Structures are given as structure tokens and as C-alpha cells.
Amino acid sequence: MKRRELREHIFEILFRVEFVEEKDMDEQMELFFEDLTEAKPADVEYMKNKYLAVREKMSMIDILIDEKSTGWKTSRMGKVELTILRLAVYEMLFDEDVPVTVAINEAVEISKKYGGDDTPAFVNGILAKVAAV
């Protein structure tokens, strides 16, 4: 599976965090991966590990997003936008395998696919502020 596909699937898993209690996320992941028949075991492992890594840093990431998003707090953001930002900020700050510019570009591409008309500009603007740190 290509990196972009993996990232989109991680986004889809992370999106569930907003609607599913933490204790039920393991079951949700298993259901997700049952439907993802084209994923190789290494892909599944990569996605699970990345999800867990983002989840572990989510509080810190949300604080940073709140600091950088003038007039918007994570509690008021759309769930799609918030999930895209969480994944991208994680990649920018904690994933040494992903260059910052790639994390931003991929987040904008995901936002074009899953978000509204204004989502790419919103996501790009916040991530540009994070990158300036």
C-alpha cells in the first residue's frame, strides 16, 4: 500500500475517536481492518502503530492546535478538520520519516477529499503556523 493510502486509512481510524469511547477503539480498529482486505500485515501494523502514536500525543497536539488557530478552538472545529490537523501535526513534530512539507501537503490533499470547500485553506493556514515554530 502506498504511503498516501496508509495515511488516509489512519485518518479514517483517527476520525472514529470523536465518536467512539476509547475502550471501544480496539474493536473499532479490528472491524476497520476486517474490511480492508487489500492491506498486508505490515500495512496493518504500521497503521495501528501510527494511530496509537498520534493518540498518545493527542492532548499535546490539541494544545498546540488551539494556540495556532486564532479564533478557533479544537472543541469548536469540525471533526474532519481536527482529525486532519492532529495527524499532520503529529507527523510534523514527531515522525522523523515524514518531512514537514510532505505532512502539510498530504494534509491539504486529504482535506480536499474529505473536507468542505474551505477546509484546505483552513488546514494549510494552521499547519503553516505550526511549521513556523
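Q: Which residues is R86 in contact with, leaving aside its neighbours within four places in sequence?
A: This is a predicted model, where local features need pLDDT of at least 70, side-chain atom pairs count only at pLDDT 80 or more, and totals for chains, interfaces and linings use all residues. Residues are numbered from 1 along each chain as its sequence is written, and side-chain values use heavy atoms, with hydrogens and water left out. Contact here means heavy atoms within 4.5 Å. On that basis, the partners of R86 are E18, V54, M58, I61, D62 and I65.

Q: Is R86 buried or exposed?
A: R86 sits in helix α4, residues 79-94; helices (H or I, at least four residues) and strands (E, at least two) are DSSP runs, numbered from the N terminus. Buried means under 20% relative accessible area, exposed over 50%, and partly exposed in between, with a 1.4 Å probe and protein chains only. R86 has a relative accessible area of 8%, so the call is buried.

Q: Which side chain does R86 join through a polar contact of 2.7 Å?
A: A polar contact is a pair of N or O atoms within 3.5 Å; within protein, one must be able to donate a hydrogen and the other to accept it, and residues adjacent in sequence count only if both atoms are side-chain atoms. For R86, the pair at 2.7 Å is made with the side chain of D62.

Q: Where in the chain is confidence lowest?
A: pLDDT is the predictor's confidence in each residue, from 0 to 100. The chain has a mean of 94, and 99% of its residues reach 70 or more. Helix α4 comes out highest at 97, while the lowest mean, 91, belongs to helix α2 (residues 25-35).

Q: Why do the buried residues of α2 line one face of the helix?
A: The buried residues of α2 are M25, M29, F32 and F33. Seen down the axis of α2, they line one face because they fall within a limited arc, taken from the directions from the helix axis to the C-beta atoms. That arc is 90 degrees.

Q: Which helices do the buried residues of α2 pack against?
A: On the other side of α2, E27, E34 and D35 are exposed. The buried residues, for their part, pack against α1 (3-15) and α3 (41-68).

Q: What relative accessible area does S111 have?
A: S111 is in helix α5, residues 100-114. Not counting residues up to four places away in sequence, S111 touches I84, G116, T119, P120 and V123. S111 is buried, and its relative accessible area is 0%.

Q: How far apart in space are L52 and I10, C-alpha to C-alpha?
A: L52 lies in helix α3 and is partly exposed, with a relative accessible area of 45%. L52 and I10 are 42 residues apart in sequence. Their C-alpha to C-alpha distance is 10.0 Å.

Q: What radius of gyration does the chain have?
A: The chain holds six helices and zero strands, and its C-alpha trace spans about 40 × 30 × 25 Å along the principal axes. The radius is taken over C-alpha atoms, and the globule rule is 2.2 Å times the number of residues to the power 0.38. With 133 residues, a compact globule would come out near 14 Å, and the chain agrees, at 14 Å.
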